[in-house]
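Here's a friendly tour for anyone meeting this structure for the first time. Have a look at the picture below, and then we'll walk through a few spots on it.

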Amino acid sequence: MDKKEGALKRLQKNFMGNDKLSKRKRGNLIALAAANLATATFFTEVIGSFLQFYYTEFLLMSAATVSLVLSIGVFVDGLSDVAMGAILDRFENKHGKIKSWLLWASIPTAIATVLVFMCPQSLSANGKMVYLFITYNVYSLFLTAVRMPGSTIISIGFRDPEARQVAGVANGFFNQIGQLVVTSGMPVLIAALGSTASAYQISNGLFSSIGVLFCLLAYISLKEVHGSKASVQNVRETEGEEAGNIAQKIYEDEKSAPGETKKKNRNVFADLGKLVSNKYWLLMQVVSMANSVGIGFMFGVAAYFTTYILGNMAYLGAIYGTLSIGMMCGIFMAAPLIVKLDSRFVGILGSFVAALGMAIAAVGIMVMGKNMTVFYAGLFIRQLGTGCLISISNDITARVIDFGEWRDGIRLDGLTFSGTSVMSKIMSAIATALLGFVLTATGYVGGAETLAPSAMSAIQALFLIVPGVACAIGGISYIFFDLSNTKIVKIRAEIAERANKK
């Protein structure tokens with residue numbers, strides 16, 4: 001391609017070509033966006049942003065108790081992620097490796113999401129704790145069964161790195177649309193319904209139902225291109241016989257890699273060993289853990305921050321709206337940057353821009369006496385950087401998978417994404433537990449009109465300072481990640497050549 005050609009047009013060209021190929025890429029783009037809209041927003045945003053506040057303010061449980069239950073649940077959820085990742089790497093039916101799960105798990109996930117908010121107020125404190133523990137873990141189990149397949153679409157549904165970059169940008173954009181609807185729309189809906197416990201329950205039910213519809217759209221749209229007989233046929237139908245024959249040889253080669261049994265009988269622990277020995281996967285865990293800690297504190301304490309620091313819960317919608325709009329602008333900004341700088345450099349840039357934004361927001365609140373203009377500007381700048389990170393995250397993980405396939409002869413789509421999810425959840429669990437204990441230790445009391453100064457200071461630091469430090473750590477990690485577009489194209493070519501010789 002001409003280097004002088006516009007960056008966006010160059011990206012768009014990856015979705016042009018013969019009609020069948022273009023249709024497949026667009027369908028998989030829709031599937032990726034729809035699956036992640038469901039799992040990243042409509043099934044999870046309400047839980048992540050409002051659950052702890054709901055249980056402390058309406059059910060009057062202590063913040064430490066709620067945080068402990070949720071953090072234990074996150075560890076249990078992490079185990080189910082590993083199990084689901086191993087299943088995906090071995091599972092195959094007539095539709096492929098992941099498609100059927102988007103259908104099977106969608107309705108159970110929606111039901112489980114609703115049940116988390118249905119705890120009877122008449123239960124004792126211990127009864128509420130047990131109810132939360134059971135329903136949250138059931139919710140996490142079903143969510144894993146639909147979230148992990150949705151996460152792997154960018155790896156299993158796309159074959160070339162630039163198409164993955166287009167998909168990553170588009171997926172991030174639509175995720176933010178969903179997040180904007182949930183995080184900005186839910187406070188308004190809750191207020192319209194009277195700001196009662198039932199208002200939270202009704203809102204949760206509505207958004208969960210929308211999540212089911214997006215899962216079904218993903219199921220209808222997806223055509224896999226890696227790791228199954230169905231994917232080989234999809235490649236043959238859309239790219240021609242020669243590409244299909246090569247895909248067939250790669251598929252057969254991966255099923256019985258040297259020194260391994262067929263993929264259905266592979267040892268999970270051996271696969272995990274290959275994963276943790278992948279230096280690029282380890283680097284991505286540093287990024288993931290830093291982001292999880294920052295996001296866990298920021299969003300976990302957001303309702304407290306607006307209620308007690310800013311003095312009005314109504315600010316929550318404005319904050320989430322600013323974050324979502326900034327994120328979408330960051331995603332648009334990322335599209336040309338990805339072409340010119342490659343994903344790794346976009347990751348470095350995005351991380352440090354996000355850290356700068358949090359510093360500006362902190363100055364607006366902690367130094368300038370609640371200067372809301374500076375505060376919102378800082379949040380907007382933070383999300384410009386975060387938008388870049390969202391646009392590249394799945395593409396970066398797919399590159400790690402390609403590198404592992406090139407190095408070991410085994411493609412670990414499921415375990416790579418699930419392993420990343422587990423590490424993220426471990427850090428989220430730690431952040432959740434610390435959040436509750438810090439609030440309790442510094443004098444927070446649920447339902448109180450005013451808080452102790454120590455609790456106020458803790459809330460400010462958890463919302464403003466920790467997320468900025470986490471972003472800077474992520475940026476440093478990206479400096480050492482060198483899987484460029486050129487390197488990935490070379491890796492994919494060598495994988496094909498190796499299979500073709502057998």
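## Getting our bearings

A quick word on helices before we start: they are DSSP runs of H or I, at least four residues long, and they're numbered from the N terminus. With that in hand, you can find phenylalanine 133 in helix 7. Keep in mind that what you're looking at is a predicted model.

## A nonpolar patch on the surface

Which residues form the nonpolar patch on the surface? They are Leu68, Ile72, Val76, Val130, Phe133, Ile134, Val138, Phe142 and Phe437, and together they have about 710 Å² of accessible area.

Helix 7 is the top giver, with five residues. Phenylalanine 133 has a relative accessible area of 35%, so it counts as partly exposed. That value also clears the patch rule, because a residue needs over 30% relative accessible area to join.

## Opposite charges pairing up

Side chains of opposite charge can pair when their charged atoms come close. How many salt bridges does the count come to? The answer is 15.

One of them joins the side chains of glutamate 239 and arginine 159, at 3.0 Å from N to O. This pair ties together distant parts of the chain: glutamate 239 sits in helix 11 (residues 229-239), while arginine 159 is in the loop between helix 8 (153-156) and helix 9 (161-192), 80 residues apart. Glutamate 239 is partly exposed, at 30% relative accessible area, and arginine 159 is partly exposed too, at 25%.

## Two more pairs to look at

Aspartate 408 and arginine 407 also meet through their side chains in a salt bridge, again 3.0 Å from N to O. Aspartate 408 has 24% relative accessibility, so it counts as partly exposed. Arginine 407 has a relative accessible area of 32%, which makes it partly exposed as well.

Now for aspartate 413, which forms a salt bridge with arginine 411; their closest N and O atoms are 3.1 Å apart. Are these two residues buried or exposed? Both aspartate 413 and arginine 411 are buried, which means each has under 20% relative accessible area.

## A linked network

Definitions and conventions: Residues numbered from 1 in each chain as written. Predicted model: local features only at pLDDT ≥ 70, side-chain atom pairs only at ≥ 80, totals over all residues. Heavy atoms only, no water. Patch = residues over 30% accessible without salt bridge, like charges linked within 9 Å, V, L, I, M, F, W, Y side chains within 5 Å. Areas by Shrake-Rupley, 256 points an atom, 1.4 Å probe, with all protein chains shown as cover. Salt bridge = Lys/Arg side-chain N within 4 Å of Asp/Glu carboxyl O. Helix = DSSP H or I, 4+ residues; strand = E, 2+ residues; numbered from the N terminus. Buried < 20%, exposed > 50% of the residue type's maximum accessible area, 1.4 Å probe, protein only.
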